[in-house]
Number of protein chains: 2
Amino acid sequence: MSRKVKPRLARGLRDLLPDELIPRQRMIDTIRRVYELYGFSPISTPAIEYRDVLFGSEAGEEAAGSIFHVHGPDDEELGLRFDLTVPLARVVAQYRDLGRPFRRYQVADVWRADKPGRGRFREFMQVDMDSVGAVSEVADTEIMAAMCDTLDGLDVGEYRVRYSSRGILNSLLRFAGIDEERGPDVFRVLDKLEKIGFDKVRKELTTGYVDESGDPISGVGVGDDQVDRIARFLEVRSDERQSVLDQLSDLFAGVEGADEEIDALARIHRHLAALGYGDDKVVVDLSIARGLAYYTGPVFEAGLVEAPQYGSVFSGGRYDGLVERFLGEKVPATGASIGVDRLLAALVDLGRVDERRSTAQVLVTVMDKSLMDDYLELAFELRRAGVPTDLYVGKPGGVGRQLKYADRSGVPIALLFGGNEKEAGVVTLKDLDLGRLKSQEIEERSEWIEERPGQVEVPRGELVAQVREMIRRQERPAGDGAP
Amino acid sequence: MSRKVKPRLARGLRDLLPDELIPRQRMIDTIRRVYELYGFSPISTPAIEYRDVLFGSEAGEEAAGSIFHVHGPDDEELGLRFDLTVPLARVVAQYRDLGRPFRRYQVADVWRADKPGRGRFREFMQVDMDSVGAVSEVADTEIMAAMCDTLDGLDVGEYRVRYSSRGILNSLLRFAGIDEERGPDVFRVLDKLEKIGFDKVRKELTTGYVDESGDPISGVGVGDDQVDRIARFLEVRSDERQSVLDQLSDLFAGVEGADEEIDALARIHRHLAALGYGDDKVVVDLSIARGLAYYTGPVFEAGLVEAPQYGSVFSGGRYDGLVERFLGEKVPATGASIGVDRLLAALVDLGRVDERRSTAQVLVTVMDKSLMDDYLELAFELRRAGVPTDLYVGKPGGVGRQLKYADRSGVPIALLFGGNEKEAGVVTLKDLDLGRLKSQEIEERSEWIEERPGQVEVPRGELVAQVREMIRRQERPAGDGAP
C-alpha cells in the first residue's frame, strides 16, 4: 500500500465545520432574501479568470503576487478571482444585451495571496449587490436601505450605516485651498484618522514624521493653515443627519460646487427619512475617506456599535469606472459588499450566534435492533413533519454511546423507544441541552429547570407536537439572551 | 490609458446569468432542505488542496493532468479539488474528534481539466451527502429515501432510483465461474451494456473485436458459457423489487454467500416499503456496474423516466476506503452526489423549469421625477410585504423605455403611477407576461386572456393584495403546464 498522506490544509486556508457553517449559511440565506426583495438577481461566474481580465493589460509584479495563479490544460495565464467586482465588470462588458440597470448579486468565495493572520484567510466569502447603469441617487438610497434591512435581518444589535461622498471631499480640497491633484494623497492620509489620531494625520499631511519603529513617514506637503481648515471640517459631527448638513452648509458657504454636493447628501437623507430610516440607523460621517481613489459619488460603510473593533463590515459606494478596462467607457454603478466572515466573527464575539452544531433537532436512538422498522417510522414521521431528524446508524452500542454521539454532534433531543414503550404506546424524549445545563449546576436557573423536565414520556400519537414544544422551549432562552 | 482587455472566459468555463442561476439556486435550496431534514449538517472546505491530498502519494502524470494546478505565495504543490469526497476524507482524517457517524453535506464547485463539450464544463457544482462511520443498512436505505424526497421536492416528474450491490456482482462471478481477480474487468465491460448493447459486451468479455473506427477492443478472455450465465443474470428484470429478488434467489440457488447478499437487498426493500417508497420510485436493477472498483456495498443511481438520455443524475453507494489514504484503516461510509447542472439541463429540456429571469416580481416605473418619494414608498411597501420589487433607477426616459427594461430583465408586473393616479388615489398595474402572450396572438388562449386583464387600475390601499393576486394568476399556468 502507498505511503500514507498527512491530512492537512495549506497555509491561510480553513475548513468550516457545522458549528461555523450552520450560522454562516443562515446569514447568507438572510442576506439573499433581503437582496432579492430589492430586485437584485443572482449571477455566478467561474473562480478562474484570465489574468489580464483580473488586472488589466498593464499589471505589474505586485498585482501578480497578490493572487493565486492557476495552470490548466491549455497553458494560459489564469488566476483565481480576488473580488466579485471585476467578474461583474467582465460580465457587463461581455454580454452587451443585458438590460440596464442590471441589478445583480453574487455570493461567492474569493482568493488572495495575503499574509494570513487571526481571522484573515486566503479564501473568504463575499456577498455583493450592485446596480449597474443606475444614474439616480435613488439607487444609492436603496443600497443603504438594503444594508439596514440586511443588518436588521441578521439581528446584529445596534449598528450605524455612515455615508458621505467623493464630491464632499473634493469640496473640502477647494475649501482648504489644496490642489485637486493632491486629493488622493490627502484622502489616503485622512483614511488613517481613526487608526492613528489627528496629531499624526496633521504631521503626515504636512512635513512627515518618524514613527515608533523608526521608519520615516513622508509628508504630503500641505500647509498648516490648510490642515487647520481640514480640522474644522472634521469637527463637523453630529448624531443627526440634518445637523451635519446644516453645519456643513455654513462651513462651505461660498465654496464653488459645494452646495450641489451637500444637496445630493440631503436628498439621500430625505429619501431615507421618508422610508423610516432615521438617525438611529444612518448617519452622515464626513470622516469617511476610504476607497476614494475608486468611488466617484456617495460612499457608505456600516459597523456594529457593540463591536467597533471589527470596523466596517459592509461597505460600498458609487463608481463609474467599472467597465473602463474592457470598453473604454464609463458606466454609472453603485453597490455594496458584505464581509460575511468578519461579521460572523463579530457576532460570535458578541454571543449573538446560536451555536447549534447540527442541523438535526432529534436523534432517534436504536435500543433494540428488532424494532428497526419502528425507528425508521419514528424518524420519517418527524422528517415529514418538517423536523430535521437523525437516526443512529453507527456501530452497535448501548444508549449511553448514542447519547454521547448526540451530545458530540450537537443534537438537542434524543428519542428513546424500546419494547416497553412500544407496548405502552409511548415514546421517551430526552432534552439533552437541559442535561448539559444540569451538569453545570447553575442554581439560579433551578426554577427554569423545573419547568423544563429533562426526560418525558409522551403518547406515541403526540410525538410531533411534543417535539415541537420541546424545540420551542429550547429556543426561548437563546432568543431572550437569558432564561 | 491602458490597452483595452477583451472580456472573455477561458475554455470550458461559463457564467450563469439570472435565467439559469435562479432555477439552479432554487434547486439547491430544495436539496439542502431535504438533506437537513435527514440530519445532514453542512461543511465547507477550501477549493485549494495539496496535490498529494487530492491523489495520494503515488499519483502519476495522468492524475496530475486531470486537474487545475494552483501556485500560491508559498510555492507548494496545490490543486483545485475535483470532487467533494476527497475533501470529506481529509476532514474525517484530520479532525479525529468529530463524532461518528458524521453526517455531512456539502454544496460546492469542483474543477476538472476535462475536454469540454456540450453541457460539460470544467467547473461544475456537486451537492453530496454522506454518512461516515455508518455501518447499518438503514443508512443506505436513508440515502435512497433522501434521493427520492429530493427528486420529489425538485418536481422532476417520474424518476427511478435503481439499486444493486457490489456483493451481488461478486456472487455473479461465482455463479458464472469467473475468477474474482477478473471482476473489475468484467464489471468495466458490463457498465457499457446500455451504451453498446449485449452483443458487443459478449464480444468484449470473450475474444474482443474491432470497432467501427477500426480500433481493436481487446477481450477479457471469459468463456462463452460463462457469458451465457451472465446473460441469464442480466435477464433477471422486473418492475417489482420482490420479483427481482425472487428470480435472483432461484438463479443463485447454491452459490456460496449469495443468500446473504440477496438478503441485504431484501432488507433494504422491506425498509423502503415500510416507509412508503414503492416500486414506482425504487427498483432493483442488477445491471448497475458503475463505480464498482470503488463501492463496496449497495450502489444506487437515479434517472428521469422522461429524459433517459441524461443518464444518471444522482448516484452513490457504500464505500469503506474513504480515509485509507490518510489513516491506513477502513471506515464504513455511504452517500450520494447529485449532479445539479446535468439535472437542471434535463429539467430545462423537459420544460419543467420556470424561466424567470429576474427575482423581482414588480417594477415600479418612474413617470414623474417630482413623485420620487411616492415611488420609493410604493416600492418599499411591496418589499416590506415580501414582494421582491425593482424600482427604475436607470437613465431618464419614457415609460416605454422602462417597460422594455422590465421585459428584458424578466420582471412580470409593472406599476405605473403619475399625477392623475395620485389625485385619484389609485395605481395602475400592468401584467407584462400577458402582454407578451397577447403579442404572440395565441387564439386558443383567448378565454384565459379575458380572465386576465393586462392592465388594471386598483385603489392605492389595495396595492399589495392586488399584486399578490396578479402573481398568483401568473403562476397558475406555469404550475398546470398549460392554462
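By what turn and what shift along the axis can chain A be laid on chain B? I started there and found a turn of 180° and a shift of 0.0 Å along the axis, with an RMSD of 0.1 Å (least-squares superposition on the C-alpha atoms of residues with pLDDT of at least 70 in both copies). That is the relation of a two-fold axis.

A note on ground rules: this is a predicted model, where local features need pLDDT of at least 70, side-chain atom pairs count only at pLDDT 80 or more, and totals for chains, interfaces and linings use all residues. Residues are numbered from 1 along each chain as its sequence is written, while chains are lettered from A and ligands numbered from 1 in the order in which they are written.

Next I looked for the residue of chain A that comes closest to the rotation axis, and it is A:V70, at 2.3 Å (C-alpha). I also checked the contact residues (C-beta atoms, placed from the backbone, within 7 Å): 99% of those of chain A recur in chain B, so the same surface serves both copies.

Then I turned to the strands (DSSP runs of E, at least two residues, numbered from the N terminus; two of them pair if DSSP finds at least two bridges between them). I found an open sheet of six strands with antiparallel pairing, in the order β2(A)-β4(A)-β3(A)-β3(B)-β4(B)-β2(B). Its edge strands are β2 (48–50) of chain A and β2 (48–50) of chain B, each pairing on one side only. Strand β3 (residues 69–71) of chain A is joined by three bridges to strand β3 (residues 69–71) of chain B, running antiparallel. There I saw A:H69 opposite B:H71.

Last, I looked up the domains (bounds from an automatic or database domain assignment): chain A has domain 1 (18–349) and domain 2 (362–480).

Definitions and conventions:
Two residues are in contact if their C-beta atoms, placed from the backbone, lie within 7 Å. Helices (H or I, at least four residues) and strands (E, at least two) are DSSP runs, numbered from the N terminus.
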